[in-house]
2 protein chains.
Amino acid sequence: MPSPPPFARWLDETNDVTQVFLAAGQVPDLVNLAGGLPEPALWPVDALADLAARAVREHPKEALGYPPIDGLPALRDAIAARFSTVDLRLGRENVLITTGGMQGLELIGKVLLDEGDVIAAQTPAYLGALDAWRPRGPRYRPVRMEEEAPDLPYLMRGAKFTYTVPNFSNPTGRLVSVARRQALVKAAQETGVWLVEDDPYGALYYDCGPLPRMLDLCGGAPYAGPVIYLGTLSKELAPGLRVGWVIAAPEMIAALTTAKQGSDMCTSGLSQQVACMAFETGLCEQVLPDILSLYRARRDALCAAMAEHLDALFEWEVPTGGMFVWARARDARLDTDLLMREGLAHGVCVSPSSVFDPEGRDRAAVRINFTLNPPDSLAEGVRRLAAASRAVLGRSQAAGQDRSPQAMIEQ
Amino acid sequence: MPSPPPFARWLDETNDVTQVFLAAGQVPDLVNLAGGLPEPALWPVDALADLAARAVREHPKEALGYPPIDGLPALRDAIAARFSTVDLRLGRENVLITTGGMQGLELIGKVLLDEGDVIAAQTPAYLGALDAWRPRGPRYRPVRMEEEAPDLPYLMRGAKFTYTVPNFSNPTGRLVSVARRQALVKAAQETGVWLVEDDPYGALYYDCGPLPRMLDLCGGAPYAGPVIYLGTLSKELAPGLRVGWVIAAPEMIAALTTAKQGSDMCTSGLSQQVACMAFETGLCEQVLPDILSLYRARRDALCAAMAEHLDALFEWEVPTGGMFVWARARDARLDTDLLMREGLAHGVCVSPSSVFDPEGRDRAAVRINFTLNPPDSLAEGVRRLAAASRAVLGRSQAAGQDRSPQAMIEQ
């Protein structure tokens, strides 16, 4: 039989990190610090089992029929009400229900990007967003969130949208300051460029109250601003429901709805009805304190173990929320792509920085998750990571490689 | 504020038929013959409510955690087992779980199509497939399924894939013959071009037993053939679950999985676990006889009413399964785009042929659904459609329009 026609070009540009992570799942006793997985013990199993049965029995049309493409009206209304403030008036027309937060990213790419279009993206950027947009063939313009006064309108002009994770960015775990949020909103209003506020970790503040969302800073009654806000139940309730949402100007919601129709027609009615009842019964509010105290303790445990074992090898900031610590190697010869693979041999898995770089070039940092594992596993994972780091460094020195920046320029 | 950047180009090419259908939902007492909706009374509500509760309580990891991108292993195994035969040996690596059948179509477009690539498509074609592929910018090469001996390898060569709905095609309701299925499989094997067998109506045979699937005709142990088979629980159990599947060669499943990761990461674990238990408990087999007898009676009721009221205006074949009758106007002046709108004024909604034509040019047929409405509503809808057709024809004649083919060429 002749060989089949070639796959679409973008498939040549994907990395194999997911395959590596999946293979890691087969390693016995591996400490998985790579993903962004929640602690299953936090799921309110009995409450959700009851809601699931009630969703089907009391709302069969909603749970079992085709929901509207844009979502169950009651769920859209509930989300509009949750996010409305005095200065931000949201209605159903501002809300689209998505199949997890990932689908929101994918649909934004679908409605805005033609090949070669520019995304002004917080860099390093969420791996999943890069995956979602790759099939549309975009180019990236990096935007640093830490700098004090870069010319944001200059960076944004000509882009289709700006992408940010202001609360505990994936991968860096950093919080974007209020001043910076204000500057981003102002630049979006000045240029007309859409501003994507991806906020899966917005409830996971461990040390202080939440900063205002860019959506709030933008405001509007009714809302019609440039901020496209993405939320999800994955971190606050349970990822298996696959319920996320987009809040945006009605014209953007309409375009995203057209795109969603051709993506999956609609999100699981069963999951949507359960989500709706979880909001009605206050279930999310009930489980949040336990989530925060458990994750805060694990963040502290990870950072204590890192201070003990990794201080000579990496530098990092203790994150005030989210799910990750971002650690940068002190020695440029510590190639973190090699470290990921060496880590697997030592029984630990972390995410290398290259997968968060649209250009794939940053090979000097790792993202470490602290939500999935208990404190003793976190400590053991850190010890293994330290051993793996020394092994990589040792081999690099033995090979006489000089990968300092100066040496790389001279090569 | 400056206007936002333009949307991606494909959004300019969508039709407004969905908006028209949605608006139709607001018309009081409208008889909706347009969609492809099931009869809600057929859903096994109590059984599904129990399964939903058990799914969460007994399988919290599967129902509430992130399922693997390609689906819950037990569900993939169940589908592999259901579709395996002596000559077709399927394993988990041949199966991907999708968020409804629609996502299977979307992912196939994503992994195979670059802009301008060719799809050899059964024409007229399912509206949803055209929607799914529009963002990838394909071109279409029409393939008629009724002709006896066209040169299929010639039509398929150079295409990325061939698209067919062999069982009760949407929109025409026609069955592709076994000889034609064999010819399609042979041509796919000869050319290497993928052959998409979209089969949402495969269980809905009302007058005879099912014909062999092209997947079966292709065979293989283990399976690695060119047929990409799409199935769904939407017609046989409940669409709100949004559980569909793709059966294909392992290399295709791997590519589709990469694409799915960037689309929605994974399908609702809750829905997948319910689907898995529905297979285990034989629920689909239990409900099928009631589905078949109800839909058979409604098909008969619709066709009887059509014979009484529409015979002078349209011609059609009585379908032996599926959800639709495809009726072609006897008078070319009966523009079915106008008829759809006139129908709304008369309290009936049907789907015009233009939306099933990749070029949007066929304006002489309508698709009429018979599964959603009871017999008396079907008859009333048909009477209204007859009245609306005479109104459109009357206006066309009054305006002295001559839309015969010869006149159109001369215009």
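This is a predicted model: local features need pLDDT of at least 70, side-chain atom pairs count only at pLDDT 80 or more; totals for chains, interfaces and linings use all residues.
**Contact between the chains**

- Chain A and chain B bury about 6,400 Å² between them, and carbon and sulfur atoms account for 64% of that area.
- The contact draws on 80 residues of chain A and 80 residues of chain B.
- On the side of chain A, the residues that lose the most area to chain B are Phe7(A), Leu64(A) and Tyr66(A), which together make up 11% of what that side buries.

**Domains of chain A**

- Chain A is divided into two parts, of which domain 1 is made of residues 9-43 together with 286-410, while domain 2 covers residues 45-282.
- The C-alpha centres of domain 1 of chain A and domain 2 of chain A lie 27 Å apart, and 31 residues of domain 1 are in contact with 31 residues of domain 2.
- Between these two domains of chain A, about 2,900 Å² is buried, with 61% of it coming from carbon and sulfur atoms.
- Within domain 1 of chain A, Trp43(A), Thr320(A) and Phe356(A) lose the most area to domain 2, together giving 21% of what that side buries.

**The seven-stranded sheet of chain B**

- Chain B holds an open sheet of seven strands, arranged in the order β2-β8-β7-β6-β5-β3-β4 and with mixed pairing.
- Strands β2 (95-98) and β4 (139-143) of chain B stand at the edges, and because each has a single partner strand, one side of each is left without a neighbour in the sheet.
- From one strand to the next, the twist of this sheet averages 20°.
- Helix α5 (residues 100-112) of chain B packs on the sheet, where it touches β2, β5 (161-164), β6 (194-198), β7 and β8 of chain B, and its direction makes about 150° with that of β7(B).
- Strand β7 (residues 227-232) and strand β8 (residues 244-247) of chain B run antiparallel and are joined by four bridges, with Thr232(B) standing opposite Gly244(B) in β8(B).

**The four-stranded sheet of chain B**

- Chain B also has an open sheet of four strands, in the order β9-β10-β13-β12, with antiparallel pairing.
- The edge strands of this sheet are β9 (314-316) and β12 (351-352) of chain B, each of which pairs on one side only.
- Five bridges link strand β10 (residues 324-329) of chain B to strand β13 (residues 365-369) of chain B in the antiparallel sense, and Ala327(B) stands opposite Val366(B) in β13(B).

**The largest nonpolar core**

- The largest nonpolar core has 263 residues, and those with the most contacts inside it are Trp133(A), Phe161(A), Tyr163(A), Phe161(B), Tyr163(B) and Phe314(B).
- Leaving aside neighbours within four places in sequence, Phe161(B) is in contact with several residues of chain B, including Ile108(B), Leu112(B), Trp133(B), Val193(B) and Trp194(B).

**Backbone features that stand out**

- Most residues other than glycine have a negative phi, and most peptide bonds are trans.
- In chain B, a cis peptide bond joins Asn170(B) and Pro171(B), with omega about 20°, and Pro171(B) has its place in the loop between β5 and α8 (178-191) of chain B.
- Phe168(B), which is placed in the loop between β5 and α8 of chain B, has a positive phi near 60°, and because its relative accessibility is 0%, Phe168(B) counts as buried.
- Arg242(B) lies in the loop between β7 and β8 of chain B and has a positive phi near 55°, while its relative accessible area of 2% makes Arg242(B) buried.

**A buried arginine in chain A**

- Arg298(A) is found in helix α12 (residues 283-309) of chain A, and Arg298(A) is buried because its relative accessible area is 8%, where buried means under 20%.
- Although Arg298(A) and Phe370(A) are 72 residues apart in sequence, their C-alpha atoms are 5.8 Å apart in space.
- Not counting residues up to four places away in sequence, Arg298(A) touches Glu39(A), Phe370(A), Thr371(A), Leu372(A), Asn373(A), Pro374(A) and Leu378(A).

Notes:
Residues are numbered from 1 along each chain as its sequence is written. Chains are lettered from A and ligands numbered from 1 in the order in which they are written. Side-chain values use heavy atoms; hydrogens and water are left out. A nonpolar core is a set of buried Ala, Val, Leu, Ile, Met, Phe, Trp, Tyr and Cys residues joined through side-chain atoms within 4.5 Å. Buried means under 20% relative accessible area, exposed over 50%, partly exposed in between (1.4 Å probe, protein chains only). Contact means heavy atoms within 4.5 Å. Two strands pair if DSSP finds at least two bridges between them. Helices (H or I, at least four residues) and strands (E, at least two) are DSSP runs, numbered from the N terminus. Axes are lines fitted to C-alpha atoms, for helices over the stretch in contact, and angles run from 0 to 180 degrees between N-to-C directions. Domain bounds come from an automatic or database domain assignment. Buried area is the accessible area (1.4 Å probe) that two parts lose on being put together, summed over both.
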